[in-house]
Each structure stands twice: as C-alpha cells, then as structure tokens.
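Please read the points below against the sequence and the model. They are meant as a colleague's notes and can be taken in any order.

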Amino acid sequence: MSKVQLDEIQKRLIREVADLHDIPEGAYNFRANSSLAGRNTTANIDIKTKEDKPGIDIIIKEGTKNESVHIPVVLSQSGIKETVYNDFYVGDNADVLIVAGCGIDNCGTGDSEHDGIHRFFIGKGAKVKYVEKHYGSGDGTGKRILNPVTEVYMDEDSAMEMEMVQIKGVDSTERTTKAELKAGAKLVVHERLMTHGEQKALSIYDVALNGKGSSADVVSRSVARDNSYQKLDMCILGNDECSGHTECDSIIMDNGRILAVPSLEANSVDAMLVHEAAIGKIAGDQLTKLMTLGLTEQEAEEQIINGFLK
Amino acid sequence: MLELKNISFAAENDGKEKQIIKDISLTIENDKFTVITGPNGGGKSTLAKIIAGIEKPISGRLILDGQDITELSITDRAKAGIGFAFQQPVRFKGLTVLDLLKIAYGKPIKVADACTFLSEVGLCAKDYINREVNSSLSGGELKRIEIATILARDPKLAVFDEPEAGIDLWSFQNLIRIFENMRNSVSGRSIIVISHQERILNIADEIIVLADGAILKRGAKDEILPEITGTDSAVGSCEMLDKEARK
C-alpha cells in the first residue's frame, strides 16, 4: 500500500469529483498529474497497473458484497494530455460501488486533457453502482478537456446504475457511452450536464438490449447557459423482448443551443421502446412563484437549476 | 394595512385595449379576513396580482403600512410582507416540497417544523416532505402545498387566489378548516381570499364584490352575504348582481 500524497489543489479537486474529504475505506487508486499518487487493494478487490498502455485493471472477486472502489484522477499541471485505459472486471453476484471522476485545474496556457476509456465487464447477477463526476477549475487560458468513453458489457441478470455528472468548468467534452445487455440485465443511467461560457458538450449513448427481459432507462437532464452548445444523442436498440426508455430534458438559457437526438431501433416485435425529449427555457411562472417567496430573479433561477440538476 | 388608491389596469386583447380594473380605491385593515368575490372576468385575480406585484397597474398607488410599494418588485413586496398563493400552483422538476418550504420560510428550518406546515394543510408530512413538486402530484395536493408555503412564509398580508379551484370535496372540507384557523389567528395580519365559495364567504369579516373591474358592493359579511346568496351559488348571485349593475 502506497501513501497518498496530494497538494491542496489536488485535494480540492478530489473533494469535487469524489466527495472525498479523506482517504476512503476499501480499494482505491489515485492518479495525479499522470502518475500514481496512492493505491489500496483489499482481499476481494485487486488493482493492477497495465503493462502495455497507461491504465489499470480492477478485478473484483465473485460474490464481493458492500465494498467500494474509488479511482479519482486529478490534473493540476497545465498542458497535460493523457489517455487512460481502465478495465473493471466485476465477478458474478458481486455488489459494489465504483466512484470515478476527473478534476482538472488549469491555471496555465496549455490545454489539459484527460481521456478516460472505461470498460466494465459485469458478471452474472452482479450489481454495480457507478458514479462519475467531472469538474474543471482554474483561470488560465488553457482549455480543460475531457473525452470519456464508457463501455459496459452486462452478463445475464446483472444490474448497473450509472450516475454521470458534469456541472462545472469543463470546456470541451465528448462523452461516449456504449452498453450491451444480455438476458435479464438492467441498466439505469442518470446524466446531469451543465455547460456555460463557450463550452461544447457532446453526449452519445448507444445501448443494445440483446437479451430477453433486458431493460434500460437512460435519463439526461441538462442546462445550457451563455453561448454553450450541447448535443445529446441517445440511441436504444431493442434486439429481443426488452424494454427501453430514454429521456432528454433540457433547460436552455441566454444564447445556449441544444440539439437533442433521441433515437430508437426495434429489431424484435417484442421490443418496447419509448423516448421523450423536451427543451425549454425556465417557465416564467416558476420564477414568479419563487420571487413571491422573497427570492430575487437570479436566486430563483439558481434554485430552479440546482433542483433540476440534483 | 394595505391601501389601494385609484388603481387602474388595462390589457390588450385582440388588438384592443380592455380596461380590467377601473379606478379602484380601498383599504384592507389589519386583523381582517377579507373575501373578494364576484363574477368570472370581473378583475378579481388581476387585482390580487397587482397587490403581489405580478401585474403593474397603469395608474394608482399601493401603500402597505404607510410605505408606498407601487414601484417595488415582486421580490421586494414579498420581503415587505406580502404573500401570494397562486390559483394554479406551479410545478418544479427536481425541487422537493421541503426545498419549497425552506425557501418560503426564508431562514434555516428544521424538518420537523416544515412537517408541521404540511400537517396543517392535511397532508401526511412523511409521505410528502421529500416528494418532488412535479406532475406526480395531483391538483389538490399541489394546492395544499401552495397553501403550506404561505403558512411557512407567515406574511403580514396573505393573498389567496381562488384556493378552492381544482380541489375535491374532501379536500375542500379541510380547506375550510385551514381558513377558519387562519381567521382565528389573523391578529396583526390581514388575509385576502379571492373566492366564489359561500363557505369561505361565511368566514369573512368583510366581503367585497368586484364586477366589471369596479367595486360593486362592499361591507361586513352579515350585510353583504344575504344579498348575494340564496340562489344556487354565490357565483350565480354575483352574476345577477352584475346584471343589475349594468342595467
């Protein structure tokens, strides 16, 4: 077990992306400025550094219950560009919490970019809760760029709940999430996205329901402020008797722009697929109601957005 | 005490300007429960919104406890002590009942205290406190939560715009009880309720009949109520009064 050494900026970033105020219990792997800053493994969860490319393998033993893995990444030096490959092997019937996340603080002039490629191989009957937060800060001219790719391969009767949050400070992002589900597997995704300034965000989901009784519920709530742009592209494929639902619900403000492209493809007569998409500004009567309770228009707006993205 | 001095309001409808409130002057005394009634389209809701600052009058002044509030924003009027319950309560995706009660209370509130406000409007607090104020709530539930926000805010002057609208009969019994309680604890405050309901009119200290943008009748409940009831409903009788006025 190596000792975790982080400076104050790095600690702040860790707090933002992993809600960690201290070293977590259970397995963890801290990556700071492209090198390992600390690691802990447990009897049931092993973490190994990849030998052929940057990244780690996280191996969770069959039947592991109520354990967690934290793998936060922080970039506090300007100008770092990295692509990291992390593979999670979750054994049959395990029940675990995985917390990932990346915080970038860029006070310099060079662009900082972290592209995390995460692959999940989820065993039969296993349950995973995955939380991923992205956060950027720093007032340098260098951009903060995050292009995460998440691939999820779910075996029979497994369940995964994903919470993907990117609320602040990331200049450019292209998020790609792919999932393949076998019989009885269940995927639930909650994405929350906020862009401001000149930011651009692309979020692409491609979920294939391949097995009988598989289901997916992909819900995205987003807010585009200032001159930012978002493209939300969500596709569910139903290849057997299955049920799928996607929902993009967006608030648009200032000169923000949003393109929502929910799509469904049914390749089986027993596939039940639904999509919903709505884009609109904050309703005037919502602002009025909160103003009659003593909030200013700006405070009312903040409350509405905070609630919407909660 | 709220004074309305020569308040007029007009709105454009199909390219034509329509006078909705016509030079209304009235005083709402402290410690009084006032019910404003009258036919649909008579200007009741508009008058309520003018008091809350949601609509701006084209002329006239509003004075609250000696302070001219005519130019104050909705927010500043709320801070000055005016509360307003919407006829059609607003839904919020993501905001919970507790969030809304916290905002209304205006300072940190204990969950137990927030629950008291819900209990007062006949909602089982533990079932509702963490619910989102979204479309999963029925019209009647929303209405009661709306009233709970006013109870939490505890304003000097509370204005309720048709609290009975969209409420089922069972909820209505509860609503009457809530208003009776308010009536009994009105000391130092005043309450204005826009209503068509005889049972709400019956709680009033004073009744104002508003028709065609002007005050048609005004007086103590015992004086006004017999004149406008006795037919099928207060609405019907108000319409009769209105016709008489137009003759």
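The notes start with conventions and then go through domains, chain contact, core, helices and single residues.

1. Conventions. This is a predicted model, in which local features need pLDDT of at least 70 and side-chain atom pairs count only at pLDDT 80 or more, while totals for chains, interfaces and linings use all residues. Residues are numbered from 1 along each chain as its sequence is written, and chains are lettered from A and ligands numbered from 1 in the order in which they are written.

2. Domains of chain A. Chain A is split into domain 1 (1-170) and domain 2 (184-310), with bounds that come from an automatic or database domain assignment. Their C-alpha centres are 24 Å apart. The contact between them takes 16 residues from domain 1 of chain A and 14 residues from domain 2 of chain A; two residues are in contact if their C-beta atoms, placed from the backbone, lie within 7 Å.

3. The domain 1 side of that contact. Two elements of chain A, β11 (149-154) and β12 (159-168), each give two or more residues to the side of domain 1 that touches domain 2. The largest share, 10 residues, comes from β12(A). Helices (H or I, at least four residues) and strands (E, at least two) are DSSP runs, numbered from the N terminus. By residue type this side of domain 1 of chain A has 9 nonpolar, 2 polar and 5 charged residues. Here Ala, Val, Leu, Ile, Met, Phe, Trp, Tyr, Cys and Pro count as nonpolar, Asp, Glu, Lys and Arg as charged, and the others, Gly among them, as polar.

4. Contact between the chains. On chain B, 19 residues are in contact with 16 residues of chain A. The elements of chain B that give two or more residues to this side are α2 (74-80), α3 (97-105) and α6 (139-153). Of these, α2(B) gives the most, with 4 residues. The chain B side divides into 11 nonpolar, 4 polar and 4 charged residues.

5. Nonpolar core. The largest nonpolar core has 147 residues, and A:Leu187, A:Val207 and B:Val159 touch the most other members. Such a core is a set of buried Ala, Val, Leu, Ile, Met, Phe, Trp, Tyr and Cys residues joined through C-beta atoms within 7 Å. The largest share of this core, 7 residues, comes from α6(B). At least three residues of the core come from each of domain 1 and domain 2 of chain A. Beyond four places in sequence, the residues that A:Val207 touches include A:Leu187, A:Ile236 and A:Gly244.

6. Helix α4(B). Which residues of helix α4 (residues 111-120) of chain B are buried? They are B:Ala114, B:Cys115, B:Phe117 and B:Leu118. A residue is buried if 20 or more other C-beta atoms lie within 10 Å of its own, exposed if 12 or fewer, and partly exposed in between, with C-beta atoms placed from the backbone. The buried residues of α4(B) pack against α3, α5 (125-128) and α6 of chain B. The face turned away from them carries the exposed residues B:Ala112, B:Asp113 and B:Ser119. Just after α4(B), B:Gly122 has a positive phi of about 80 degrees.

7. Helix α9(B). In helix α9 (residues 221-228) of chain B, the buried residues include B:Ile224, B:Leu225 and B:Ile228. They cover an arc of only 100 degrees around the axis, which puts them on the same side of α9(B); the arc is that of the directions from the helix axis to the C-beta atoms. Exposed on the other side of α9(B) are B:Asp222, B:Glu223 and B:Pro226.

8. Positive phi outside glycine. A:Asp254 is not a glycine, yet its phi is positive, about 50 degrees. A:Asp254 sits in the loop between β18 (242-252) and β19 (257-266) of chain A, and counts as exposed because it has 11 C-beta neighbours inside 10 Å. B:Asp23 also has a positive phi, near 50 degrees, but is found in strand β2 (residues 16-28) of chain B. With 14 C-beta neighbours inside 10 Å, B:Asp23 counts as partly exposed.

9. A:His114. This residue lies in strand β8 (residues 112-122) of chain A. Is A:His114 buried or exposed? A:His114 counts as buried because it has 23 C-beta neighbours inside 10 Å. Leaving aside neighbours within four places in sequence, its contacts include A:Val73, A:Glu82, A:Cys102 and A:Leu146.
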